[in-house]
Structures are given as structure tokens and as C-alpha cells.
Amino acid sequence: MLGYRQLPKTTGNEAGRPMTHNEMRPLLSVRHLTKRFGKGCSFCRQPENLPPLNNRCPRCGTVWACNDLSFDLYEGEILGIVGESGSGKSSLVQCLYFDTSVTGGTATLSNYQDGETNIFLESPQQKRYIRNHLMGMVYQNPWTGLKMNFSSGGNIAEKLIAAGHFNVHHIQKRAADLLDHVEIPLSRMNEAPRNFSGGMQQRVQISKALANRPPILLLDEVTTGLDLSVQARVLDLIRRIQHESRTAMIVVSHDLGVIRMLCDRTMVMKQGRCIEAGLTDQILEDPHHAYTQLLVHSLL
Amino acid sequence: MQAKLKQTYNYAFLDEGSKKEIRRATLKAVAIPGYQVPFASREMPIGRGWGTGGLQLTLSLIGDHDCLKVIDQGNDDSVNAISIKKLVQSCTQVKITTDSERATLIQTRHRIPEVPIRADQILVFQVPLPEPLRMVEAKERKTKQLHAEMDYSGIWLRLYEDIVKWGKVSIGADYPALAHKRYIFAPSPIPRYDLPKLHQADGLFLFGAGREKKIYAIPPHTDVEPLAFEDYPFEVEHFDGCSCRRCGSTDTFLDELYDETSGEKFYQCSDTGNCQKRQEMRQADL
């Protein structure tokens, strides 16, 4: 692996404060995650056989969307994943949120069965439990993450109901709090998000993902397609959430500006592989891999 | 030279193989309360959607010692109830009754008789739409998966949106309920008034959907809980201050009717068999 640096441990807490045992231990630990589209053959199962600039096997046509990815996510930190389209960023978070199945690899959560179970091998019921209680996901396209013909409050309620809340009054109060938090006027709580602007839809999606106070939030290209001022508000919101609730986040973006603003640590992906990882500042100031250098230099 | 055609049917219309298949599906349904068991719905001499599911269950269960009652929305005398009774009788010669307490087998559309079902009685429902999740998920493959994983947030969300919009759940008949803390099932379009009768009952309830090819059951002494939020409890229909104009009862499910000539509103028992008995008792008292 070229230019692969040891991932330093950062927890995003104030400098000088001693780390507790809990903070030292990663919240999410992913090892050798592999996602392949296609059957694969004896040739491409050896990763070194794949051509360097391609993740498609020249013999059988299998696409290796994620190839042997390993990383840790600590409590309260924001991990950035950057790379061009087709590099496997979205496949990675979709695997983590169980939207698609993985081909191989393990992931453990320190707050799920004491971090001893590979969550990819759990039953669909257990996976649903993890999705509803331990994770939140914000998709690039709000139409994927929201039910557009239900009210905004109802969308948040769905997540709360899934986690076993059956009191209308409490659900409504929590939904109102969350929408207020993301600056959506309460007068529009009972309106369907299809009537909202793109930025508002994205904020409804964020509040839905936060409904159960998940320790991990996955954000897949949340600002793509929004205009600059709206982008800034969404980014502010994400920072505020991280500051207030110490939610650990994985931010997927092709935009280095977003990564620079949000992330403590960053992983650079290309062709399904992690080519460089480290502190965001380090990567932006002193990129090792030629592709990262290209990315940083193309940053306006 | 025209030979006279004479068709002879097997006892209870269906051939023995078909009856066996339906009974096997029924046994599985009884073993898993609320679970919809697929079965090979047969072509019947009435149209699909006119009670073929219930009729197949009835025909697969009926024997010489049975006494049959057929009701259509509580009514013994509707065209469909009469036709089904005639069909069953013409191929079995079983006794027919309108008295739910004398019947061993009751086929019903959209009502449960007022007198509770006993342990030696079976109530067969005609079901138009067996899938309670259909209103939130159109694909059969998906709803099967949702049931398997007990992922019921979709239908709960539907109830939540109702409460937010209208202040109450707007589902009248066919109110979804949870069978023995596992499967959500559609009780067929019975009024909410009848739903509590399924909970921890003595008798066996069988549901047959001919068009949708599904059989399911609520066995005796099974928990049946209508879906309801903690702060919006399940409510049944009330008939406060109303009474049946025929038997005078105030504790039965009443139909609201209008007099054709005067346009006057009046109420009448939906369960005609029970109403008849009460009228006779009232006569005897006088």
C-alpha cells in the first residue's frame, strides 16, 4: 500500500484532557471490508492482480467497489472519506448502514455486544436494531432517506416508532424539538417534505437521522447539489450537532472544502482502495500519494 | 342422439385431495396465529371476491354431523348468504340454521355473531384483503419480509399520520391487530366493535382469502391486540341512546337505516339471527 500512514488516534476533545478508557477504544472498528459487484474470479481475488488505475477485473468484469478497507471511528470524532465518483465511498457507507451486503470483512461496535460481534453477520432483525438504535444515515438524495408523501414530523416519527416509542405526544414533542434544532419552522411540521426546498429537505433528513440520538451518524454527500449559502448552513448544523452531542460521524464527500471544514481525520479513496489516511490537516498540507496531491492542487 | 349429461360432484363439492390440501394449510395457520399461509385456491362456482376463500374452508371442514349458518354482514337472508347455503346443502345435505348457538360451523362476511363463539364452534371469515401491510407496501415480496422481520414501523406510521391529521385513527372496519405478540393480521372488514371478541376467545377463527390465496387463523385463547398508541387507546363504535326497533336491544351492534317513505332514521340489529331470538323471547314474556 503506497503512502499509507498510520492512523493517529484523535478524539476531538479539548487538548490536554486525559482520555478515558472508553475514548481510547474505537466506537466502530472496520477490518478488511470488501464489496464486490460480480462473481469474481481466481485472478481478481488476488488484489495485487487488479490493474493500478482500475477496480474492474480485466478477465471477468467484476467491479471491486471496496477493496480491503480497514479503519476505526472514535467517539465524538468526524472521519472524512474523500475520493472521486466511483471510488467506493458511497458503497462503503451503504455497507455500514446495511443497505447492501458486504462481500467480506468485519465491523464491530463497542456499544453492541461489547464489540465482540461482527455486525455484518448478524440476523436481519439485529441489523435493524443497530440501524434504528445505534446509527443514523443522511443520504445524498433526500428522496432516498425520506418518505415524501408523509409529513416531516411523520418522517421523524418513523425512526422513533422503529425504536419502540408508542406515545404520540412524546413523539410529537421530540419531532418538534428536532425540527426546531435544524431551524425548520414548526408551522411546517405537518407538511410533506416534498413541498420543501432541497436544503430544507436535507435538514429534515438530518433531524430524522438524529431522532434516536445515535452514537454514529453517516453522512453521504450531504451538501452536494445545494447552493453555497445553504451548504454553509448545513455544515454549520453538522458542526453544532457534533459539538453538542459528541456524535461520531463519517462524512463522505468529493469536496475537499467540506472535508477540511468538518473532519478531524481523513481517508482518501481511489478505485475502491484506501490510498492515504491521516489527520486532515496533514493530508491537505503534505499529501504523499500522487492522487491526493492532484486532489489538493485542484482545490480552488 | 343426445345423451343426457349428468354431473355428479364429490361430497362437499371439492375433491378429497383439494380438501386435504386446504386442511393442511389450515393446520399450519392454527399453529402460527396470524401468519398467512398460502394455498392453492380452487375455482369455485361463485366468483372470486364473493366468498370463495371462506367457502373453501367451510367445504373442507364440513361433515354430516355439522350444522351450518351463513351470514353476510350479520344477515342470514342476503342473496349471497342464501346462495352459499344452497350450494353447501346441495352437495352435503347438512342441517342449516340461523341460530348461531345451534350451529357448529358459521361462515361469515364482515361480522361476528353477538353470542360468543363456543369451543365446539368454528367461525369462518370471508377475507377480501388478507395483507394488513398492503396499505403501506405494495409488493408481496416486501410485505413477507416485513412480517418475517416483524418490521411494522410502516403501518404504525400510517396510524400516527392519521392521528396527526384527524386527531384519531381513521380506520373503521378491518382494523389491524397483533396476533399473539407476533404477526399483525387483517381481521377482515369486521367493525371495530367485533375485534375484541377475537381476544382470548373459546372458539376457533379461520380466515380464507380465495382471490389472494391465503388462509390464516386465530386459535382459541390467543392474544389479539388492536394496534394503538399509548395515549390514543383503541375505541369501538358506540350506540349510545339507540336501540333496535325490532327487538329493542341496546347492547348489540346496530345498523343505521332510513325509512324509504318518511326518510326517518332508525336502528336495527345487524345480527338478524340473534335479533329474531330476542323478538321471540320478548313475545314470550308478554
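Domain bounds here come from an automatic or database domain assignment. The structure is a predicted model, where local features need pLDDT of at least 70, side-chain atom pairs count only at pLDDT 80 or more, and totals for chains, interfaces and linings use all residues. Residues are numbered from 1 along each chain as its sequence is written, while chains are lettered from A and ligands numbered from 1 in the order in which they are written.

**View 1. The two domains of chain B.** Chain B is split into domain 1 (16–225) and domain 2 (240–286). Their C-alpha centres lie 26 Å apart. Where they touch, domain 1 of chain B brings 15 residues and domain 2 of chain B brings 9 residues; two residues are in contact if their C-beta atoms, placed from the backbone, lie within 7 Å. On the domain 1 side, that makes 4 nonpolar, 5 polar and 6 charged residues. For these classes, Ala, Val, Leu, Ile, Met, Phe, Trp, Tyr, Cys and Pro count as nonpolar, Asp, Glu, Lys and Arg as charged, and the others, Gly among them, as polar. As for confidence, chain B has a mean pLDDT of 93, with 98% of its residues at 70 or more; pLDDT is the predictor's confidence in each residue, from 0 to 100.

View 2. Strand S11 (residues 254–258) and strand S12 (residues 265–269) of chain B pair in the antiparallel sense over 5 bridges. Helices (H or I, at least four residues) and strands (E, at least two) are DSSP runs, numbered from the N terminus, and two strands pair if DSSP finds at least two bridges between them. Asp255(B) has Gln268(B) in S12(B) as its bridge partner. The hairpin leaves 6 residues between S11(B) and S12(B), and Gly263(B) in the turn has a positive phi of about 75 degrees.

**View 3. Lys20(B) on its helix.** Look for Lys20(B) in helix H1 (residues 16–31) of chain B. Lys20(B) counts as exposed because it has 12 C-beta neighbours inside 10 Å; the cut-offs are 20 or more other C-beta atoms within 10 Å for buried, 12 or fewer for exposed, and partly exposed in between, with C-beta atoms placed from the backbone. Gly172(B) is 152 residues away along the chain, and its C-alpha atom is 36 Å from that of Lys20(B).

**View 4. Where chain A meets chain B.** This contact takes 17 residues from chain A and 14 residues from chain B. On the chain A side, H3 (124–133), H5 (152–162) and H6 (168–181) each supply at least two residues. H5(A) gives the largest share, 6 residues. By class, the chain A side has 8 nonpolar, 7 polar and 2 charged residues. The model scores ipTM 0.81 and pTM 0.84.

**View 5. The six-stranded sheet of chain A.** This open sheet of 6 strands runs in the order S5-S6-S7-S3-S8-S9, with mixed pairing. S5 (135–138) and S9 (273–279) of chain A are the edge strands, each pairing on one side only. S8 (residues 265–270) of chain A is joined to S9(A) by 6 antiparallel bridges, and Lys270(A) stands opposite Arg273(A) in S9(A).

**View 6. The three-stranded sheet of chain A.** Here the open sheet of 3 strands has the order S2-S1-S4, with antiparallel pairing. S2 (63–73) and S4 (104–109) of chain A form the edges. Strand S1 (residues 28–37) of chain A meets S2(A) through 7 bridges, and Phe37(A) has Val63(A) as its bridge partner.
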